[in-house]
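Have the sequence and the model open as you read.

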Amino acid sequence: MTTRLVTVDIGGTHARFAIAEVAADGAITLGEPATLHTSDHASFQTAWEDFARQQGGSLPDAVAIAVAGPVGGEVIRFTNNPWIIRPALIPEKLGAARYSVVNDFGAVGHAVARAAPDHFIHLAGPDEPLPASGTISIVGPGTGLGVAHVWRDGGAYRVQATEGGHIDFAPLDSIEDALLARLRQRYRRVSVERVVSGPGIVDIYEALAAMEGRAIQPLDDRTLWQLGTSGEDSLAAAAVDRFCLSLGAVAGDIALAQGACGVVIAGGLGLRIRDTLLQSGFASRFRAKGRFEGLMAGLPVKLITHPQPGLFGAAAAFASEHLK
């Protein structure tokens, strides 16, 4: 018997919706996704109603929701957008008899555990498949920085979402010392998410400009990513290189803390800059852990290329909870 459900992935900037089907053998297929801007909708319910209209007015009575923030409790608040969700009201408000709510990077963890090998490309370490047993760390830059891990034992797996994106930022050279000093003028505490996320490129760029005494025009993060990855602006390109170094360092720290035997880079930004990552200092910073450099060099590091890991993973989480 095939189960149809709505699967939703809500981030800081976008809310993605799709109809998913879970076959009797557990295989998951996604319909064409719809991407809505969170800033265009007053609440999750109005975005839900917009998607329902796009689907002709009716939706399946089951829903899987991945949210960018901690889950649990009576009210779910998002880290980077103003919506709230009250899980107890989901059956009444959405007409869903069954539902699952998971952290967005918990959903990505399910996607990492279930995605086919051809949905990964090699970034660093030995060019071999992710181990079938042990812990796989997942780090994903986007509007924020998502962190999770998957523990696998053959065919079984468990996912643990975390708030690892909010650990302290640790500078590793004089440029990052200057970046941290700049950020400390604005924030009492500087987490890695302030640097290793899409918006973080603005502070990196402005810190590099200040080091060189350059007068610059304020630019938003989207513009800087375009200028930096295309090479049109040398200072923006330097900021992108610095971002890749910091991402490598943070991914290595997470892998050490979680006892990982493999690492996956996820997140919308990671996928968009994959070619840049491959040519950057990401891999060298990932390995640069002093006495543990040999250990780090032995860990396979992959980039997940599934086009909708949040939607796919949310559906997998629903199947794990309701369709065992």
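Which element gives the largest share of the lining of the second largest pocket? That's helix 12, with five residues. Keep in mind throughout that this is a predicted model.

## The second largest pocket

The volume of this pocket comes out at about 450 Å³. Its lining counts 20 residues, and those closest to the centre are A316, A319, S320, E321 and K324.

What is the make-up of the lining by class? There are 12 nonpolar residues, plus four polar and four charged ones.

## Helix 5 against helix 7

Now for the helix pair. Two packed helices are described by the angle between their axes and the distance between the axes. Here helix 5 (residues 200-212) and helix 7 (residues 234-258) have axes that come within 9 Å and cross at roughly 120°. The crossing of helix 5 and helix 7 is right-handed.

On the helix 5 side, the contact is made by I201, I204, Y205, L208, A209 and E212. Helix 7 brings L235, A236, A238, A239, V240, R242 and F243. Sort the residues of this contact by class and you get 11 nonpolar, two charged and no polar.

Note on methods:
Residues are numbered from 1 along each chain as its sequence is written. This is a predicted model: local features need pLDDT of at least 70, side-chain atom pairs count only at pLDDT 80 or more; totals for chains, interfaces and linings use all residues. Side-chain values use heavy atoms; hydrogens and water are left out. On a 1 Å grid over the protein atoms alone, a cavity is a set of points where a 1.4 Å probe fits but cannot get out, and a pocket is an open set with protein on both sides within 12 Å along at least five of seven lines; lining residues have an atom within 4 Å of a point. Grid points are joined across faces, edges and corners, and a volume is the space filled by probe spheres set on the points. Helices (H or I, at least four residues) and strands (E, at least two) are DSSP runs, numbered from the N terminus. Ala, Val, Leu, Ile, Met, Phe, Trp, Tyr, Cys and Pro count as nonpolar, Asp, Glu, Lys and Arg as charged, and the others, Gly among them, as polar. Axes are lines fitted to C-alpha atoms, for helices over the stretch in contact, and angles run from 0 to 180 degrees between N-to-C directions. A crossing is left-handed if the near helix is turned anticlockwise from the far one by less than a right angle, and right-handed if clockwise. Contact means heavy atoms within 4.5 Å.
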